[in-house]
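Let us go through this model by question and answer. Please look at the sequence and the structure first.

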Amino acid sequence: NKLVGGRVLKGGKREFLQECQQAKIVHLATHGKVDFTNDNFSFLAFRDANTSMPFEKLYLKELLFKKFDVECVVLSACESGLGNSYIGEGIKSMATSFIVAGAKSVISTQWTVNDRSTSLIMEGFYKNLKTGQRKDVALQNAKINYMSNVDPEFKHPFYWAGYSAIGNMEAMEFKPDYNWVLIISCFLFMLFILALIIFTPKRIS
């Protein structure tokens, strides 16, 4: 959240459902599991830091009865884009269920992704997103940058190809960084004062 702002939720499944239905971006870094036997029981895991419970499951079937007015949901969880395919419907996954629930776009995974490569790719994705790149382009460039900066053994597609994007891929708008706006404004003001000093005609007494 240092890159795009926001806050970290630690209250588990209930807090997520209460607080995230109208967020701009929702990033879920958690455990996920697809259930090919019964799609409705594919799930994302949540843990409430305030309790001793191991974790709670948010099932796919629960999402179908929720409303998520969210511009982008990032499912940094294993197998979040996997599911059975149906004629006329396509793949029924956690990712597509967020779309059904109202999310405009979803970034999801196709297999059990590596934590380290995921961290690097997601950091690049958000940096690119903040510069005004389309979501799919931001993800693609993050993967390219990852490939350019890791050792050969980590360039195998397993480490970077697992993430895919669906939905509305338009670029997102972010609030300006007011610290930089203030610095630039002060700098321009100093240049203006300096110009006045240099170019103002001097009187000869």
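Student: Is Cys-72 buried or exposed?
Tutor: This is a predicted model, where local features need pLDDT of at least 70, side-chain atom pairs count only at pLDDT 80 or more, and totals for chains, interfaces and linings use all residues. Residues are numbered from 1 along each chain as its sequence is written, and side-chain values use heavy atoms, with hydrogens and water left out. Buried means under 20% relative accessible area, exposed over 50%, partly exposed in between (1.4 Å probe, protein chains only). Cys-72 has a relative accessible area of 0%, so Cys-72 is buried.

Student: How many disulfides does the structure hold?
Tutor: A disulfide is a pair of cysteine sulfur atoms within 2.5 Å. The count for this structure is zero.

Student: Is Glu-79 buried or exposed?
Tutor: Phi of Glu-79 is near 60°, a positive value in a residue other than glycine. Most residues other than glycine have a negative phi. The relative accessibility of Glu-79 is 14%, so Glu-79 counts as buried.

Student: How are helix 4 and helix 5 oriented to each other?
Tutor: Helices are DSSP runs (H or I, at least four residues), numbered from the N terminus. The axes, lines fitted to C-alpha atoms over the stretch in contact, come within 8 Å and cross at roughly 135°, with angles running from 0 to 180 degrees between N-to-C directions. Angles under 35 degrees count as roughly parallel, over 145 as roughly antiparallel, 65 to 115 as roughly perpendicular and the rest as oblique. Helix 4 and helix 5 are therefore oblique.

Key
Helices (H or I, at least four residues) and strands (E, at least two) are DSSP runs, numbered from the N terminus.
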